[in-house]
Structure formats: structure tokens, C-alpha cells
Amino acid sequence: MVSTSASAPRADAEPVIRLESVSKRFWTKDQTVHALDRIDLDVAPGEFVSLIGPSGCGKSTLLRVVGGLLERDGGTVAVEGEEPRQAKRHKRFGFVPQAPALLPWRSVRKNVGLLGEVNRRGADHPLLSDAERQDLLERVGLGEFLDALPGELSGGMQQRVSLVRAFVLGAPVLLMDEPFSALDEITRVDMRYLLLDLWERRRTTVLFVTHSIPEAVILSDRVVVLAPRPGRVIDIVDIDLPRPRDEALEDTDEFHAGVARIRHLLREGMDR
Ligand code: ADP
Ligand code: MG
């Protein structure tokens with residue numbers, strides 16, 4: 001069933017990410033953009049939470065504020081009890097951007113391993129072993145491409161490398177900003193299930209930004225629906241589909257109910 005909740009986490013555990021009344025404005029030459037307006041959100045350990053909303057509603061801004069890449073103007077943010085910048089120094093985050101940022105002269109194997117080494121500095125969580133890394137790469141169908149260069153791979157394959165790399169770092173929080181939006185629809189659907197498979201194994205806390213309602217529903221425990229000008233939370237929708245999830249779920253009434261609910265909320269938000 002699909003239900004709506006307040007911003008409280010479903011688990012009793014301390015939230016991994018806690019946002020209280022977070023605001024952010026940008027000042028440009030001729031206007032003030034109210035990018036985030038008093039955002040409240042708790043994300044529980046191991047939870048998969050998506051942010052959805054129209055272009056310009058502040059999704060990337062929110063992710064960057066959480067990830068310590070951008071200062072907020074108001075409110076509080078805690079990641080495992082730390083300020084975002086401190087959490088960033090302690091390598092609490094893995095980041096998956098829209099376009100995979102792989103080193104073009106390094107093989108798949110090295111891209112996944114090397115950045116692990118670099119990102120290890122300052123981290124206190126264990127890195128995955130070589131065997132675990134290899135296993136994940138094989139799992140996403142890259143077993144035969146370990147020595148290939150990024151330029152020899154399709155966009156979808158490059159993004160798979162980027163995904164595996166994020167999980168390999170072992171960081172407790174993964175921030176993903178529309179990681180599949182540059183891919184064609186068929187590849188994109190495959191990627192959902194690859195991501196779910198990686199996540200089921202690691203159960204890392206994920207904050208995931210997307211434009212796609214079906215993607216948000218199939219992936220998430222909760223979907224945060226945002227509206228623009230000012231960027232704010234309209235509602236948070238619980239997705240109680242069973243896990244592990246597979247493509248067959250997309251044919252169920254529960255799935256369609258989730259999609260319809262979010263579509264309705266997005267429309268409402270635009271009209272307000
Ligand atoms: P989304 O990711 O949901 O598309 P963003 O977080 O990128 O939205 O942007 C939210 C709003 O803030 C938009 O109106 C955008 O134009 C504005 N904005 C984002 N970054 C900046 C910036 N560095 N300077 C000025 N305005 C910005
Ligand atoms: Mg964005």
C-alpha cells in the first residue's frame with residue numbers, strides 16, 4: 001500500500017541524515033531565488049529516499065547542501081551527527097553525478113579501485129576488498145571489461161562503473177543526482193534494477209534525485225515530493241512495495257497507486 005507520512009523516519013534508529021528547517025537563497029544580478037524553503041527530512045540508516053520535483057525546485061541544491069558542497073542560509077543539517085563539511089572530510093559520502101566522471105586513461109578496474117584508494121584518506125569505514133569489488137563489477141555485467149578504457153564503453157556501461165565505484169568506497173551515505181537521466185529508456189530501466197541489486201547487498205543509505213516517477217517508486221522506501229518557488233516539501237510518500245523488488249512489481253496495483261499519488265501531488269504543487 002502507499003501511504004503518506006510526516007517527515008519522521010520509519011525506523012526507531014537515529015537518522016543518518018537530519019534536516020531541520022533548511023533554507024537556501026541564491027542572489028543573482030536582478031533577483032533572489034528562494035531555492036530551499038524550510039526543508040525538514042530525516043533519513044534512517046539503510047533507507048532509500050528519493051527527491052522528485054520539477055526542474056528548478058531545488059533537488060540538486062538540497063543534495064549539495066547535505067553533501068557539504070554548498071552552505072545553507074538557515075536551519076540545521078546533521079549527517080551521522082556531524083555538520084556536512086565535517087562529514088565530507090570524514091568521507092561519509094559517495095557521489096554519483098548525472099554524467100559518469102571516470103578517468104579516461106584508466107581501465108575499468110583501476111577507475112573503481114584507484115578512487116577507492118584516494119578516497120580512503122580521512123575515512124574510518126572499511127573499503128571493499130579486491131574480491132568484493134570484482135564481484136560487484138561482475139554483478140553489473142562488466143566482468144569482461146575490467147581492462148577496458150571508459151572510452152571503449154557505452155554510456156550505460158560507464159554509468160555502471162560509476163555506480164559500482166560509489167558502492168565500493170563503502171561510504172555510509174550515497175548521494176545520487178539524476179544518475180540515469182542521460183541514458184536511453186531501456187538502459188535506464190536496467191540500471192534501476194542494477195542499482196537495487198547493489199543496494200540490497202550493501203544497504204547503504206541513499207538520497208536519490210530523479211525526474212522519473214516510476215523510477216522513484218520502484219527504488220524508494222520514501223519519496224519526497226518537492227515544489228518550486230520556493231523549493232519546499234509538498235509531501236512525503238511511503239512506498240511499501242515488498243523487497244527485493246523486480247520488474248514484475250511495475251505491473252501491480254500498488255506500484256500504479258504510488259505513481260498516481262506522486263503525479264497528483266506534483267500537479268497540486270505546481271498549481272499552488
Ligand atoms: P533542480 O536540481 O531541482 O533542477 P536546482 O537545485 O539546480 O534545481 O536549482 C534550484 C533553483 O536555484 C533554480 O531556480 C536555479 O536556477 C537556482 N540556482 C541553483 N544554483 C544556483 C546558483 N549557483 N546561482 C544562482 N541560482 C542558482
Ligand atoms: Mg538538478
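## Strand β2 and residue S21

A strand, in this report, is a run of at least two residues that DSSP assigns the letter E, and strands are numbered from the N terminus. By that definition, residues 17-27 form strand β2, and S21 lies within this strand. The structure described here is a predicted model.

The backbone of S21 deserves attention. Its phi angle is near 50°, a positive value in a residue that is not glycine. As background, most residues other than glycine have a negative phi.

Which residues lie around ligand 1? The shell consists of F26, T28, V33, A35, P54, S55, G56, C57, G58, K59, S60 and T61.

Helix α1 gives the most, with three residues.

## Polar contacts and burial of the ligand

Oxygen atoms of ligand 1 approach the protein at several points. In the side chain of T61, a polar atom lies 2.5 Å from a ligand oxygen atom. For K59, an N or O atom of the side chain is 2.9 Å from an oxygen atom of ligand 1. At C57 the backbone takes part instead: one of its polar atoms is 3.2 Å from an oxygen atom of the ligand. Taken alone, ligand 1 exposes 560 Å², and the protein buries 64% of that area.

## Packing of helices α4, α5 and α6

Two packed helices are described by the angle between their axes and the distance between the axes. Three helices of this model can be described in that way: α4, which spans residues 130-139, together with α5 (residues 155-168) and α6 (residues 185-202).

How are α5 and α6 oriented, parallel or antiparallel? The angle between them is about 15°, and their axes are 11 Å apart. Angles under 35 degrees count as roughly parallel, and α5 and α6 are therefore roughly parallel to each other. Their crossing is right-handed.

Helix α4 packs against α5 at an angle of about 150°, with the axes 10 Å apart. An angle over 145 degrees counts as roughly antiparallel, so α4 and α5 are roughly antiparallel to each other. Helix α4 also packs with α6 at an angle of about 150°, with an axis separation of 10 Å; α4 and α6 are therefore roughly antiparallel as well. In passing α5, helix α4 makes a right-handed crossing, and its crossing with α6 is right-handed too.

## Residue T187 in helix α6

T187 is located in helix α6. Its side chain makes a polar contact with the side chain of D184, at 2.8 Å. A separate comparison concerns D238: T187 and D238 are 51 residues apart in sequence, and their C-alpha atoms are 26 Å apart in space.

## Two cis peptide bonds

Most peptide bonds are trans. Where does a cis peptide bond occur in this model? One joins R229 and P230, with omega of about -5°. P230 belongs to the loop between β9 (222-227) and β10 (232-239).

The peptide bond from R243 to P244 is likewise cis, and its omega is near -5°. P244 is placed in the loop between β10 and α8 (253-271).

Terms used: Residues are numbered from 1 along each chain as its sequence is written. Chains are lettered from A and ligands numbered from 1 in the order in which they are written. This is a predicted model: local features need pLDDT of at least 70, side-chain atom pairs count only at pLDDT 80 or more; totals for chains, interfaces and linings use all residues. Side-chain values use heavy atoms; hydrogens and water are left out. A residue is near a molecule or strand if one of its heavy atoms lies within 4 Å of it. A polar contact is a pair of N or O atoms within 3.5 Å; within protein, one must be able to donate a hydrogen and the other to accept it, and residues adjacent in sequence count only if both atoms are side-chain atoms. Accessible areas come from the Shrake-Rupley method with a 1.4 Å probe; for residues, only the protein chains shown count as cover. Helices (H or I, at least four residues) and strands (E, at least two) are DSSP runs, numbered from the N terminus. Axes are lines fitted to C-alpha atoms, for helices over the stretch in contact, and angles run from 0 to 180 degrees between N-to-C directions. Angles under 35 degrees count as roughly parallel, over 145 as roughly antiparallel, 65 to 115 as roughly perpendicular and the rest as oblique. A crossing is left-handed if the near helix is turned anticlockwise from the far one by less than a right angle, and right-handed if clockwise.
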